[in-house]
Structures are given as structure tokens and as C-alpha cells.
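Thanks for coming. I will walk through one structure this morning and keep to what can be read off the model.

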Protein chains: 2
Amino acid sequence: MATVVMKFGGTSVANVERIRNVAQHVKREVDAGNKVAVVVSAMSGATNQLVAWVREASLLHDAREYDAVVASGEQVTAGLTAIVLQSMGIPARSWQGWQVPIHTSEAHGAARITGIDASEIKKRLASGEVAVVTGFQGIEPGRNRIATLGRGGSDTSAVAMAIALEADVCDIYTDVDGVYTTDPRIVPKAKRLPKVSYEEMLEMASLGSKVLQTRSVELAMVHRMRTRVLSSFVAPEAIEPVRGGKHWQDIGTIVCDEEEIVESQVVSGIAYAKDEAKVTILKVADKPGVAARIFGPLAEANINVDMIVQNVTPDGKHTDMTFTVQAAELPRALEVLKGAKADIGYFDVKASADVVKVSVIGIGMRSHAGVAARMFQAMADRGINIHAITTSEIKISVLIDAAYAELAVRTLHTLYGLDKE
Amino acid sequence: MATVVMKFGGTSVANVERIRNVAQHVKREVDAGNKVAVVVSAMSGATNQLVAWVREASLLHDAREYDAVVASGEQVTAGLTAIVLQSMGIPARSWQGWQVPIHTSEAHGAARITGIDASEIKKRLASGEVAVVTGFQGIEPGRNRIATLGRGGSDTSAVAMAIALEADVCDIYTDVDGVYTTDPRIVPKAKRLPKVSYEEMLEMASLGSKVLQTRSVELAMVHRMRTRVLSSFVAPEAIEPVRGGKHWQDIGTIVCDEEEIVESQVVSGIAYAKDEAKVTILKVADKPGVAARIFGPLAEANINVDMIVQNVTPDGKHTDMTFTVQAAELPRALEVLKGAKADIGYFDVKASADVVKVSVIGIGMRSHAGVAARMFQAMADRGINIHAITTSEIKISVLIDAAYAELAVRTLHTLYGLDKE
């Protein structure tokens with residue numbers, strides 16, 4: 001007998017018919033004698049409608065009221081899921097964040113889970129009841145207001161609930177059947193990864209893979225919570241019930257410790273992110289403190305800067321500074337730089353959202369030299385110009401023109417042997 | 001300075017544009033220095049959608065989960081209303097039933113408010129903040145589950161909140177501009193009643209007038225809470241802000257003590273209810289205990305029986321028993337009677353939903369004899385057959401064929417002088 005947290009995203013609970021399908025997945029685990037907590041998102045589209053109403057009410061809205069409105073979406077699906085489970089003879093009840101309670105920080109709209117008091121739910125699970133918990137929300141320190149975790153927060157709710165319940169696994173049901181070596185829409189030969197390490201998954205999530213929310217992977221990594229990504233669109237009976245220990249059916253992708261991954265590749269995946277924008281500041285005086293004068297105001301405006309490249313111009317007195325920001329934040333970033341022009345002292349600013357960040361990720365890089373060199377050579381062979389580079393122990397990212405995105409991804413997928421059967 | 005509770009129904013908060021209009025009404029009261037608590041319903045249509053999902057999930061649903069789902073509608077409008085008020089520079093926050101808290105009984109889906117701890121809201125109102133409270137819901141004795149009051153319960157939420165806040169008035173904003181002598185769609189000469197007593201309003205509410213929920217009038221009557229019905233579709237500036245005391249603009253209808261109504265009519269209104277059904281049980285043995293054998297099983301099945309008429313047949317040994325039930329409950333009632341046939345012992349059962357109950361209501365009846373006699377004569381003059389009669393101190397109801405509904409209402413409206421300017 002195992003304890004399982006099963007999380008279902010918006011497309012998996014899009015309507016009552018889909019919720020019935022979710023209930024079949026839950027029934028499979030219950031029938032196997034497992035203790036089950038279910039975490040649900042809002043019906044797909046519901047949160048967007050709620051957010052649209054809030055924006056229509058006021059663009060400068062109180063984050064606490066935004067949370068009160070937007071949290072209602074998960075309450076609907078949690079209640080409906082409990083009703084469907086009950087109609088199948090499975091004892092169940094819905095739990096809103098404040099009912100559990102799931103404690104969060106005060107940052108309404110982007111709150112962090114600070115703790116879960118799962119004692120009551122543990123008791124209920126032990127008695128055979130299924131707990132259906134609203135994702136994406138909790139209650140803030142004042143104990144009287146709902147706080148939401150920000151978009152995609154339900155993954156984090158599920159992992160946090162799994163940790164609080166000391167679950168054997170946190171199963172994230174979504175509309176894809178696992179984590180792939182790269183986007184199958186670009187590379188049809190992309191393969192599902194049966195296992196991927198927390199560290200690799202974290203890089204993939206932050207580098208553009210939409211499968212898991214970054215924060216949920218961080219949390220799983222810190223607490224070593226085994227997290228599995230699988231599809232709710234697979235027939236419920238095609239999936240084996242969870243058993244304790246490390247015996248797993250080869251379905252979905254298990255995010256786990258790297259020690260568990262016996263035959264690890266040097267490179268396990270190629271990610272790309274299209275929502276980047278490049279900013280180049282031309283002819284900045286090359287003297288101490290200039291970087292602080294550029295990036296200080298951006299940080300104050302809460303604009304995240306990613307890749308940074310500095311080139312000294314031929315005259316030796318000026319420098320060109322190139323960096324990337326989220327495309328959505330480009331207009332604000334340009335506004336900030338314009339305001340700080342006198343203080344920074346530059347000739348001009350150029351910007352382009354027509355760039356893409358392509359990344360190569362793999363735990364194996366730690367012990368294999370030359371991964372980066374081969375990547376740069378392959379780009380050069382294809383005539384792809386690299387605007388900026390960032391690296392970490394287990395990833396290399398390059399910024400290139402958006403037009404070359406698919407070519408670069410396919411080239412790298414082949415280069416590191418990911419096409420092979 | 002007065003304390004005012006303002007309640008807005010579904011059509012008054014149907015979309016963000018309508019909510020902006022609501023906020024203008026609230027602003028008028030705030031600008032006048034009043035302390036304001038707002039009670040809101042769900043957007044019109046929202047609750048129906050939620051109920052439809054619950055029914056689709058399971059016809060035999062857990063009432064607690066029904067409540068968890070259905071209560072979300074008011075949470076959305078409360079949050080949006082707070083946001084719009086804030087955008088107009090009015091400090092405001094939303095309060096869900098569990099946040100206030102509004103305590104209720106355990107009867108999920110049809111709970112009664114058992115108490116409101118309004119201490120925190122009182123403090124906030126005193127500091128100039130507007131409280132926007134979700135109607136229709138509270139928290140049940142276990143303190144961990146939402147309970148709803150049943151359809152239309154927001155009126156009751158508003159009156160209960162007004163009592164808890166010791167408000168000067170509970171203003172119920174709706175899509176009609178007051179309580180009328182009868183339905184203006186049937187009698188164009190129907191007139192708005194500037195004042196109506198609690199007792200009369202209670203009869204009107206239970207006899208088919210849809211303006212106020214019966215339970216809310218009961219509550220207002222017991223606590224002598226002055227309740228005003230008025231239209232949110234009137235321009236906000238056309239309504240004077242509430243002042244303490246008994247000085248009132250002639251707008252809407254004030255439900256108040258009969259002592260306040262100086263020139264009271266003998267009859268103040270004509271109500272009708274179309275959702276009645278008539279059941280006649282033919283040839284029941286006329287012996288002691290037969291009524292108990294008929295109405296016992298119906299009561300056990302939670303079917304409300306209203307008018308009862310018993311006729312002894314010419315042979316003197318049998319009786320025909322006629323009574324009315326809610327039309328929606330007719331199939332269940334017939335089922336119950338069929339099951340109890342052997343025990344009751346009858347020849348046949350006839351039923352018809354093609355009937356209407358027409359009622360004459362007026363405090364003045366207490367001191368004026370002959371009101372009933374004139375009513376029966378007028379019906380006879382028009383050739384309208386009366387199937388059943390019930391009376392109370394301040395009302396007379398007759399059951400007639402549905403085809404005569406409009407004729408009867410018009411006739412009675414003229415008969416009792418309600419047509420006059």
C-alpha cells in the first residue's frame with residue numbers, strides 16, 4: 001500500500017466528462033489499496049475568464065481581491081471531483097486551501113507555500129477517504145485571506161501536499177505523456193525520457209519546457225519527492241497502480257535522484273524558449289560601475305535580466321552591453337533605460353524580440369568535457385550566429401536569431417545522439 | 001450618519017459594467033458619511049451553471065460538495081465589487097461567509113443562519129472601509145465547511161447582516177422598483193406600495209411574490225429590521241442617501257411596522273402562485289385516522305401540503321380529499337400515494353397542475369369583516385369556480401383553474417379599490 005498524490009491540470013478537468021475520466025484514474029489507485037490525495041486545477045479557460053473580469057474591473061487591482069476571485073476556479077473542480085468520486089462509491093471530500101490549511105506567504109498572486117497542516121487529511125486518508133484539494137491556493141499568515149501561488153501553481157501545491165503526506169510519489173497528470181528529449185513538434189524523433197534527474201528537470205522547466213512549473217521542481221528536488229509526469233488521456237486501465245518502493249511501470253517520466261538513472265546520457269534534452277528579447281546598449285563609457293548603473297534600475301523595476309555579454313569597442317573607451325529580458329517585459333525595460341540615459345551615458349539602445357534561447361541540458365556534462373565546443377562548432381557549421389552564451393554545470397544556452405530555432409534544435413538533437421532508437 | 005446594508009441581486013451584478021453601477025450606488029452612501037456593508041449575489045446565470053455541473057456530476061450529490069461548488073459564484077462578485085470600489089478610491093474588502101464568519105446550521109443547501117460574528121466588520125466600517133459580503137452562504141458548526149442557504153438566500157444574508165450590524169436599514173436592490181399591489185404585467189394599473197407591513201410582505205412572499213425571499217422577511221419581522229426594496233437600475237444619483245430616523249424619500253417600498261403605515265388599506269395586495277398542483281383522492285373511507293394515513297407519508301417524504309378540503313360523498317361512508325402541493329413535487333406526491341394505497345384505502349387519485357392560487361392580503365382585514373364574502377361573490381359573478389380556500393388573519397387564498405388567473409387578479413384588484421390613483 002502506497003500514499004499517492006495525483007494532480008490533474010486544467011485540460012484534464014475541462015468539463016464533467018473529463019472529471020469522470022479523472023475519477024477512473026483515482027479509482028484505480030483506491031482499488032489497489034492506496035491512500036490517495038487528488039490536487040486539481042481550475043477547468044481550462046476558467047482562470048482566464050476570472051482574470052479577464054478582474055482586469056476589466058480595474059487594471060490596478062488589489063492582489064488580495066484578485067486572489068479571492070481567481071481561487072474560485074479550483075473550488076468548483078474540487079467539489080465536482082468529490083461528487084463524481086462519491087457517485088462511484090468512493091468516499092471523498094473536497095478541501096479548499098484554507099480548510100486544509102495550506103499556509104502561504106503574504107505575496108498575494110505569487111505566494112509561496114510555507115507549510116501544510118496535513119494532520120486531518122492524513123487521518124481521513126487512513127480511514128479510506130480520498131481528499132480532493134484545490135491547487136494553486138492557500139491561506140496567508142493573517143489566517144483570513146486566500147492567497148494564490150501564481151499561474152501554474154497547482155503543480156507546486158501537489159508536490160507540497162505529497163511532501164506533507166510523505167507520499168511515495170507525486171503523479172502529475174497532464175495532456176502530454178511525459179518529458180521529451182525535445183519538443184516533438186519540432187523533432188518528430190524526440191523520445192520520451194523514462195527518467196530525468198531533478199537538476200535536469202529544473203533546467204528544462206526554467207529554459208522553456210512547459211511540462212512542470214519551475215517552483216514545483218525546486219520543491220521536489222529539495223525534498224527528494226519522486227514526481228512523475230504522465231497523461232490523463234491514457235486509458236485509466238493502461239496505467240498500473242502505484243506500489244511502494246522503486247518498481248515502476250515504463251510510462252510517463254519519473255523525476256528522481258540521478259543515482260536512480262542507470263544509463264544516463266551526456267545530454268538528456270534540448271530546450272528552447274521563444275519569449276526572450278535582446279537589448280543592446282551601444283557605446284557605454286567603459287569605466288567602473290557602469291554595469292551597476294544599467295542593471296540597478298532594471299532590478300528595481302523587477303525586470304529579470306538573463307544573459308549578459310559585454311564587448312569593448314575598437315576605441316577601447318566604450319563598451320557595448322547586450323542582455324536578454326522576457327519579451328513581455330521589453331517595453332518596460334526600454335522605458336527604464338530611457339529614464340536612466342543621463343545617468344548611464346550611452347549612444348543608443350537597440351532591441352529585438354526576434355531571438356530564441358536554445359539550451360542543451362545534461363547531468364553527464366559534469367564529467368564530459370567538450371560538450372560546449374561541439375555545440376558551438378555545430379552552430380558555426382550551419383551558419384547560425386550566436387549572440388550570447390550562458391552556461392551552468394549541467395546546461396549550455398545560446399541566444400540565436402528566431403529564424404534558426406528549429407534548425408538549431410534539430411541539429412543539436414542529432415549531434416548528441418538523441419535521435420537514436 | 002447611518003449604517004446601511006445594501007444587497008444587490010444577480011441581475012444587478014450580471015457583469016463588470018453592472019458592478020460599476022452598483023459601486024456608484026455604494027459611493028453615494030459612502031460620500032454621505034454612511035457606514036456601508038454590501039451583500040452580493042452571484043452574477044445572474046452563474047449559479048445555474050454551477051448547479052448544472054453538479055447535476056451532471058451526479059444527480060444524487062453530497063449536499064456539502066454542492067455547497068462548495070455553488071458558493072463560488074458569490075465569491076467572484078464580492079471580489080470584483082471590492083476591486084471596482086477600490087478603483088474609485090473607496091477602501092473596501094471582500095468577505096466570504098467563513099471569513100466573517102457567518103455561522104449556519106448543518107443543513108447544507110438549505111442552511112439557516114444561526115449567528116454572525118460581526119465584530120471585525122464593525123471595526124472596519126467604523127474606520128471607513130466598505131465590507132463586501134458574499135450572500136447565500138456561511139460556515140457550518142464544524143467550522144470547516146461552507147453551507148449555502150438555498151436559492152434566493154442572499155436576501156436573508158443581507159437582513160441577517162443588517163441585524164448583526166444594528167443597521168438603520170437593509171436596502172435590497174433588485175430589478176423592480178418596489179413591491180406592487182399586484183403583478184403589473186397582469187394589471188397595468190398596479191401601483192407601487194410606498195410602505196408595506198412585515199406581516200403583509202411575509203404573506204406576499206409566501207404566496208408568490210418573487211420580490212423578497214420568505215425567510216428574509218421572517219427575519220426582518222422578528223427583529224423589526226426596516227427593509228427597503230428598490231431598483232439598482234434607477235440612476236444612482238436619483239436616490240437620496242440614507243439618513244437615520246424615519247425620514248424617507250418616496251422611492252421603492254419600505255417593509256416596516258404597521259404602526260408606521262398611516263393610511264392603510266383594507267387590502268394592500270393581490271398575489272398569485274402558478275406553481276401549485278391539485279391532488280384529489282376519491283372515495284376514501286370516512287373514518288378516524290384517515291387524514292393521518294394520507295398526510296403522514298407525504299410529510300415523511302418532505303412534501304409540503306398546503307390547502308386541504310374534505311367533502312363527504314352522498315353515501316356518507318366515503319370522503320373525497322383535495323389538497324395542493326408544489327407542482328414540482330407532484331410526481332413524487334403521486335408516487336407516495338400509490339405506495340400507500342393499501343394502507344389508506346381509496347378508489348382513485350386525480351391530479352392537475354392546471355390550477356393557480358390567488359390571494360388577497362391586507363392588515364386591514366383584521367378589523368374589517370366581509371372581505372372574504374365580497375371575494376367569493378366576485379368570483380361567482382365571473383363564473384370562476386373555487387376548488388379550495390385557505391385563510392389567515394390577514395389573507396384569503398382561493399384555488400382556481402389556471403385559465404382564470406388573470407381575470408381573477410384583475411377583478412380583485414378593482415374590487416378592493418387598488419386601481420385608484
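One definition before anything else: helices, of at least four residues, and strands, of at least two, are DSSP runs, numbered from the N terminus. With that numbering, B:Phe136 sits in the loop between strand E6 (130-134) and strand E7 (137-139) of chain B. Please keep in mind throughout that this is a predicted model.

I will stay with B:Phe136 for a moment. Its phi is near 80°, which is positive, and the residue is not a glycine. Most residues other than glycine have a negative phi, and most peptide bonds are trans. Is B:Phe136 buried or exposed? B:Phe136 counts as buried because it has 27 C-beta neighbours inside 10 Å, and the cut-off for buried is 20 or more.

Chain A gives a case of the other kind. A:Arg224 also has a positive phi, about 50°, and is not a glycine. A:Arg224 lies in the loop between helix H8 (214-223) and strand E11 (227-231) of chain A. A:Arg224 has 10 other C-beta atoms within 10 Å, so it is exposed; the limit for exposed is 12 or fewer.

Next, the cis peptides. In chain A, the bond between A:Val100 and A:Pro101 is cis, with omega about -10°. A:Pro101 is in the loop between strand E3 (92-95) and strand E4 (102-104) of chain A. In chain B, a cis bond links B:Val100 and B:Pro101, and omega is again about -10°. B:Pro101 is in the loop between strand E3 (92-95) and strand E4 (102-104) of chain B.

Now the relation between the chains.

As for the contact itself, chain B puts in 28 residues and chain A puts in 28 residues. On the side of chain B that touches chain A, at least two residues each come from helix H1 (16-31), helix H2 (46-57), helix H3 (63-70) and helix H4 (72-87) of chain B. H4(B) has the largest share of that side, with 11 residues. By type, that side of chain B has 15 nonpolar, 10 polar and three charged residues.

On to the fold of chain A. The chain is divided into domain 1 (3-259) and domain 2 (265-421). The C-alpha centres of domain 1 and domain 2 of chain A are 33 Å apart. Their contact draws 18 residues from domain 1 of chain A and 20 residues from domain 2 of chain A. On the domain 1 side, strand E10 (195-197) and helix H7 (198-206) of chain A are the elements that give two or more residues. H7(A) gives the most to that side, with four residues. The domain 1 side divides into seven nonpolar, five polar and six charged residues.

H7(A) also lies across E10 and strand E12 (253-256) of chain A, at about 85° to E10(A). Those strands belong to an open sheet of eight, with mixed pairing, in the order E3-E6-E2-E1-E9-E11-E12-E10 (chain A). E3 and E10 of chain A are the edge strands, each pairing on one side only. From one strand to the next, the twist averages 20°.

Within that sheet, strand E1 (residues 3-8) and strand E2 (residues 35-40) of chain A pair in the parallel sense over six bridges. A:Val5 stands opposite A:Ala37 of E2(A). Helix H6 (residues 153-164) of chain A packs on the sheet, and its direction makes about 175° with that of E1(A). Elsewhere in chain A, strand E19 (residues 388-392) and strand E20 (residues 395-401) run antiparallel and are joined by five bridges. E19(A) and E20(A) form a hairpin with two residues between them, and A:Thr390 has A:Ser397 as its bridge partner in E20(A).

Last, one residue in chain B. B:Ala164 is in helix H6 (residues 153-164) of chain B. It counts as buried because it has 21 C-beta neighbours inside 10 Å. Leaving out residues up to four places away in sequence, B:Ala164 touches B:Ile116 and B:Ala118. B:Ala164 and B:Ile116 are 48 residues apart in sequence, with 6.3 Å between their C-alpha atoms.

How values were computed. Residues are numbered from 1 along each chain as its sequence is written. Chains are lettered from A and ligands numbered from 1 in the order in which they are written. This is a predicted model: local features need pLDDT of at least 70, side-chain atom pairs count only at pLDDT 80 or more; totals for chains, interfaces and linings use all residues. Two residues are in contact if their C-beta atoms, placed from the backbone, lie within 7 Å. Ala, Val, Leu, Ile, Met, Phe, Trp, Tyr, Cys and Pro count as nonpolar, Asp, Glu, Lys and Arg as charged, and the others, Gly among them, as polar. Domain bounds come from an automatic or database domain assignment. Two strands pair if DSSP finds at least two bridges between them. Axes are lines fitted to C-alpha atoms, for helices over the stretch in contact, and angles run from 0 to 180 degrees between N-to-C directions.
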